[in-house]
Amino acid sequence: MPNNTNMRIGLPVVCFVWEVAMIILFGIFVRYDEFSSPLWPEYMKQHNITSESENDFYYRYPSFQDVHVMIFVGFGFLMTFLKLYGFGGVGLNFLMAAFGIQWALLMQGWLHSFDTGYILIGVENLINADFCVGSVAIAFGALLGKISPVQLMIMTLFQVTLFSVNEWVILTKLHAIDAGGSMTIHTFGAYFGLTVAWILNRPHLEQTNDKEVSVYHSDLFAMIGTLYLWMYWPSFNSAISYHGDGQSRAAINTYCSLAACVLTTVAISSAVDKKGKLFMVHIQNATLAGGVAVGTAAEMMLTPYGSLIVGFICGIISTLGFKYLSPCLHKLRLHDTCGVHNLHAMPGVIGGIVGAITAAAATAEVYGGEIGLSKMFRYEELGYERSSSTQGGYQAAGIAVSLAFAFVGGTIVGFILKLPIWGAPADENCFDDGVYWEVPYEECDDSALKPYAVHVPKQVDSV
Amino acid sequence: MPNNTNMRIGLPVVCFVWEVAMIILFGIFVRYDEFSSPLWPEYMKQHNITSESENDFYYRYPSFQDVHVMIFVGFGFLMTFLKLYGFGGVGLNFLMAAFGIQWALLMQGWLHSFDTGYILIGVENLINADFCVGSVAIAFGALLGKISPVQLMIMTLFQVTLFSVNEWVILTKLHAIDAGGSMTIHTFGAYFGLTVAWILNRPHLEQTNDKEVSVYHSDLFAMIGTLYLWMYWPSFNSAISYHGDGQSRAAINTYCSLAACVLTTVAISSAVDKKGKLFMVHIQNATLAGGVAVGTAAEMMLTPYGSLIVGFICGIISTLGFKYLSPCLHKLRLHDTCGVHNLHAMPGVIGGIVGAITAAAATAEVYGGEIGLSKMFRYEELGYERSSSTQGGYQAAGIAVSLAFAFVGGTIVGFILKLPIWGAPADENCFDDGVYWEVPYEECDDSALKPYAVHVPKQVDSV
Amino acid sequence: MPNNTNMRIGLPVVCFVWEVAMIILFGIFVRYDEFSSPLWPEYMKQHNITSESENDFYYRYPSFQDVHVMIFVGFGFLMTFLKLYGFGGVGLNFLMAAFGIQWALLMQGWLHSFDTGYILIGVENLINADFCVGSVAIAFGALLGKISPVQLMIMTLFQVTLFSVNEWVILTKLHAIDAGGSMTIHTFGAYFGLTVAWILNRPHLEQTNDKEVSVYHSDLFAMIGTLYLWMYWPSFNSAISYHGDGQSRAAINTYCSLAACVLTTVAISSAVDKKGKLFMVHIQNATLAGGVAVGTAAEMMLTPYGSLIVGFICGIISTLGFKYLSPCLHKLRLHDTCGVHNLHAMPGVIGGIVGAITAAAATAEVYGGEIGLSKMFRYEELGYERSSSTQGGYQAAGIAVSLAFAFVGGTIVGFILKLPIWGAPADENCFDDGVYWEVPYEECDDSALKPYAVHVPKQVDSV
């Protein structure tokens, strides 16, 4: 017997209850930080700040807006590539992210910005909330078209929670550096989503469903998402770096890595096709792997040519993944709609490794003396200096922690989502907006087929 | 006898004459302000400014660009949801806004930036001009598909004028606060447009026209508009706030309100559908109501949870409006193409009320002392301190003034536009680009129907 | 015998070899500049800088991101207007630009940022690299649909090289001002591309190919490109201007010019159509001419009304060019797919002339004294003061130099690209993605025609 996909009770209840919970928790806990409170002028006096331009808002707001676009338009439109699932791709991502950022403000707030009973938020918290939701968007990519809105909301609740704890362990306990989130966002998000997808496996999907395809214009919509992710990735990786050279360097490194990644993606995409033709899925996705893979090391002294090398390698690996690895995984019952394993999982792990190596290779000479090295790796927060090789070890440990959180958390959440009460679509209705959306409808009996031409305005002559 | 919709004389004449007038008026009146003039280095010396970063350009330009995107891509693409009116939605909005910003620079300049015979413009003027044009875009939403380009240009001329006077009364005479324009932009713009739409009522539109529908891809184009409005709304509400904590707080409040609004929009959209399905029109529009409704209070101490509550309520009201109120208004001969009553009018009034309440509840304690309170409500400009309840009263008066300007102005302009000389489309040609645009044409006799498939590139095999 | 369009060997080889070359050259030459290096805190101390906000990153990064969007989404989507060449438009522009920015960082670096054996890069270099690639995107516009990816890559290699030398002659040797690139980007890029197009002329194209047309939705995709170019052009023209009033003035002038340009474009588009209808190609392109034409003079004292006049004139000329000049050029065997002659070539030359006149008319009085005048025209870099008329002469010489580089360079590159070994498409396959892309395929024998309706999700009823 098929699942009841009517969301009329479940979805409103989830949305209402969770939003009311957000309001109550925000009311108890969330206040403005020093940069956003009317006490800012007082703060300026106390800290001898003479210019409003020192407000953190001005250092981070442009990057915040770029990141915001990546989450909502970037991920949203990237997921419109299916011919019948455009509403679901962009619309459910919108819903998920709007809830996720609220819950992330709380979870990350309790763990990172909690002070005298309150979570004090500013623009940096908004960026971090967007980052957290980016990881859910990645996991959603593995599940696109196969879960209900209610399942997505439940997954978001759990994943944001796990993300925040994982991030806290990596950044605060291990004291690893991960400003662009290769480990916390991409590795965790992708393997979490893949684990859930593996548990929610639909063994007969291919036999009963032929809708997992794109059409010409859906591929163009998806390119909007791709390009916004690609263009704004330098902002993503630099958004929460140190003011000054840290942000500048992170942007440059990401720019370089992404540029190189495009060329090797195109090269491999053409080389693996027997007619040498480019495949849109590769261009839409693998071109972004270079941004993922410099996420950890972007603000470090990766150097521009080091960034090119990372992008070079990741374009190759990611495109080969789409061509050869995804079909294999599919046979192992791992269906990954958007190919997040190729775009986020492998490049994310590579990014973690690149970060560990770069950290282990760090010398005072390269970082402008001991002070610069200490600043780069936030040793002052730690209270003692680590050797670079030790720091590299902790960086590497961060990868392992992310993987552990992803696999264990994904398994638990996967089984919760597998309960037959959340309105998941039947196999034959996967990848079809018609299940959860009112769609502009046209008669589909053959005699009444409305061809595209009638959508073109008629020539109305003036009198 | 139908109207003559041939624009070959009228549209060029209007565009040319008005642009020449702009050039003459700019030549007489418009000069660069202190931040944009070569005298800026001199100004720096006189005011002991040591850093170029104190130039207002750097405080406001990123927000300006975001607002600019909202006006042209946000409103423009939001209005492409009709299957046959995409060119008109994005193209006529483009024309209207390009003229409107010039006239707004003059009108707002005369009223707000006039100094020793000249209007001195800087980046803040550009933002305000964009804001003004946003109000025309809102009014255009009520009229989409039913007016000619010439009517739109005439409406823009009058509406920008009225907007500027209304804004001057509210901000300068009443000394109300309205940084994000709940009253000046949304309440005024929406009720102005609705009044015009009511006067231009077409009683037989439904019987003769079946084009007011969307198709799958037009709904996706519209989502581009929605998302850019949603993402950049924090910039909209913070763009002209005080430097420092004012801008930061306005951005945070708007971010929170919009996030909550998405959840209640989805909840109601699903709850009011008998199959629990989501309706794209709700997601495209009602999700934005939270941004409208914190327009007045965004920079005040609305608090993050207060913002969530406002967004929560407005998502509900706006979605219910689309479902139940719009059909009622339609029966009362008020046809509102984009549903601006639900998205801008009601949330705009709510935003004014929220602002009045927040202002009335303001205490020195919350605003960092008497100085902070005085700064927030610009009492230094006023020359004397008001009690908070008095300020709240003036805020409330601002709503009434906006409504009065909208109804009276809209009535007058409506009757001007009703004159049968402006090339309005016949009922059966409403919502159809073919009237005013050369459209890519395909034969529509049945034998020659060109289905979509022929738009798909052929597989061209290499040799 | 048709060309072998199978790219399976050529494209991967070109991409790999060139990317490896980039990595080697970056490894030898490219390092971080003072704003991006860990030595920045040291630099701050040495220069008595007390605020991180003085890092050039914060002055230029928001503009950089806007320019980045213009190159990839702006030019990319503007070139999706053909019904069967959307992948090629946005995808090949992506490939070209990703390679071009790397090579431009090197070429421009050697000529402008070379210091003690290294190219020191910061955010300004990223902007300049994007600018350079903009000129290639313009040239690509003239060739859209008629060249292979390998041809495009080869052209990019040569054009970036020529661009950089031309730019160096104009900016360093002639010491002309051209912050928005009317001469270096638009005049050079357009005439270079047109020269190549003229040499690659396909005399029988029209007889064998009927694919050079748009469809309704492809025109809407193109409007995304148009609007992003239009909205962010103020950032383009101000991105590398002097800090402070220079950037602010450049943004204001560009904003004004573009606004005026829209009105005259619409006026002429309607006036030249016998039914007075607007033509999408004009709106998509000619509205941008105002931005091109203030590229040289944007940071000068062009005044707001001067900017309006420039935009006014260019909207007229550009639209008339599309209507009357392009068909003539076509008869002269110059096929210009995107009409870059109308949008970039003529307005670029006008921009150079406007810059020369504005420079020649410069007086100390208007520029805030001799110091201001000297600063504006960078005479301190030159080591001596020029008279304004002399500077105007050098500005004019810059136009001639750009034209010479374009014609000579374009001729040489055109003949290289004419070699029958680069996989150019046959005439009948021009403007068709099927040659170089795997496209979502549908059977095209008549009985199996899949009309658009089947792309619309079915109504799936819940149980």
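Let me start with a strand pair. Strand 4 of chain A, residues 278–279, pairs with strand 5 of chain C. The sense is parallel, over 2 bridges. Look at Phe279(A): its bridge partner in strand 5 of chain C is Glu438(C). Keep in mind that this is a predicted model.

Now the whole contact between these chains. Chain C puts in 72 residues, and chain A puts in 80 residues. Which elements of chain C give two or more residues to the side that touches chain A? On the helix list we have helix 1 (10–29), helix 2 (40–46), helix 3 (56–78), helix 4 (86–112), helix 5 (123–143) and helix 9 (216–238) of chain C. Two strands of chain C join them: strand 1 (30–32) and strand 5 (437–438). By residue type, this side of chain C has 45 nonpolar, 20 polar and 7 charged.

Next, chain A against chain B. Here chain A supplies 73 residues and chain B supplies 80 residues. On the side of chain A that touches chain B, at least two residues come from each of several elements, including helix 1 (10–29), helix 4 (86–112) and helix 9 (216–238) of chain A. Strand 5 (437–438) of chain A is also one of them.

Which residue of strand 4 of chain B stands opposite Glu438(A)? That is Phe279(B).

How values were computed
Residues are numbered from 1 along each chain as its sequence is written. Chains are lettered from A and ligands numbered from 1 in the order in which they are written. This is a predicted model: local features need pLDDT of at least 70, side-chain atom pairs count only at pLDDT 80 or more; totals for chains, interfaces and linings use all residues. Two residues are in contact if their C-beta atoms, placed from the backbone, lie within 7 Å. Helices (H or I, at least four residues) and strands (E, at least two) are DSSP runs, numbered from the N terminus. Ala, Val, Leu, Ile, Met, Phe, Trp, Tyr, Cys and Pro count as nonpolar, Asp, Glu, Lys and Arg as charged, and the others, Gly among them, as polar. Two strands pair if DSSP finds at least two bridges between them.
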